[in-house]
Amino acid sequence: MNNKNITQKKDLFKKDSTITIHNLNSSKVKEKINIGVIVLTHNSQKHIKKCLDALILDTKKLNDTLYITIHLVDNFSQDETVNITGRYQLKTRVNRENIGFSKAINFILKSTDYDYYILLNPDTE
């Protein structure tokens, strides 16, 4: 992963919290910033369509310096989650068992290399 210095201001759980990220590897601004968005699902058929529709719509509004890749990880859903998400052009991983939140997220983090990562719950709109 990239060598980044993260400066935390105030408590992260307070409304007015901010995090400043300084890239120590470069003194100039990158032309493209690669962002990996990870959505972890498990029996999320009730929420996942709204989440993905909102995410895709919002990424279309971004400027040309941001390159967004959406990764969907399904933790062995037993409902229609996988069928719903199959209608989208995403990088998808469907686990054959529920391996838990941390293990599923860590798999994506270890197998990809983005400048920044965003983790979203499937009920995010």
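These are my notes from looking through a predicted model.

**Sheet**

I started with the strands. Four of them make an open sheet, ordered β5-β4-β3-β6, and the pairing is parallel. I checked the edges: β5 (91–94) and β6 each pair on one side only. From one strand to the next, the twist averages 20°.

Then I looked up the β4 and β5 pair. Four bridges join these two parallel strands. Asp-74 has Val-94 in β5 as its bridge partner.

**Helix α1**

Next I went to α1, residues 48–60. This helix has 13 residues and spans 18 Å from first C-alpha to last, close to the 18 Å expected at 1.5 Å a residue.

Which residues of α1 are buried? I noted Ile-48, Cys-51, Leu-52, Ala-54 and Leu-55. They sit on the same side of α1, because their arc around the axis is only 165°. I turned to the other side of α1 and found Lys-50 and Lys-60 exposed.

What do the buried residues of α1 pack against? I listed β3 (33–41), β4 (66–74), α2 (81–85) and β6 (116–120).

**Cores**

I looked at the largest nonpolar core, which has 13 residues. The members touching the most other members are Val-37, Val-39, Ile-48, Leu-52, Leu-55, Leu-72 and Leu-90. β3, α1 and β4 are the elements that give two or more residues to this core. The largest share is four residues, from α1. I kept the general rule in mind here: nonpolar side chains tend to be buried together in soluble globular proteins.

I followed up on Leu-52. Setting aside neighbours within four places in sequence, I found Leu-52 in contact with Leu-72, Thr-85, Tyr-88 and Leu-90. I also found a second, separate core of six residues, among them Ile-38, Leu-40, Val-73 and Ile-108.

**Thr-69**

I picked out Thr-69, which is in strand β4. Is this residue buried or exposed? Thr-69 has 9% relative accessibility, so it counts as buried, the cut-off for buried being under 20%. Not counting residues up to four places away in sequence, Thr-69 touches Ile-35, Gly-36, Val-37, Lys-91 and Tyr-114.

**Helix α3**

Last, I checked where α3 lies. This helix, residues 101–111, lies across β3, β4, β5 and β6. I noted that α3 runs at about 155° to β3.

Note on methods. Residues are numbered from 1 along each chain as its sequence is written. This is a predicted model: local features need pLDDT of at least 70, side-chain atom pairs count only at pLDDT 80 or more; totals for chains, interfaces and linings use all residues. Side-chain values use heavy atoms; hydrogens and water are left out. The expected span of a helix is 1.5 Å times one less than its number of residues. Buried means under 20% relative accessible area, exposed over 50%, partly exposed in between (1.4 Å probe, protein chains only). The arc is that of the directions from the helix axis to the C-beta atoms. Contact means heavy atoms within 4.5 Å. A nonpolar core is a set of buried Ala, Val, Leu, Ile, Met, Phe, Trp, Tyr and Cys residues joined through side-chain atoms within 4.5 Å. Two strands pair if DSSP finds at least two bridges between them. Axes are lines fitted to C-alpha atoms, for helices over the stretch in contact, and angles run from 0 to 180 degrees between N-to-C directions.
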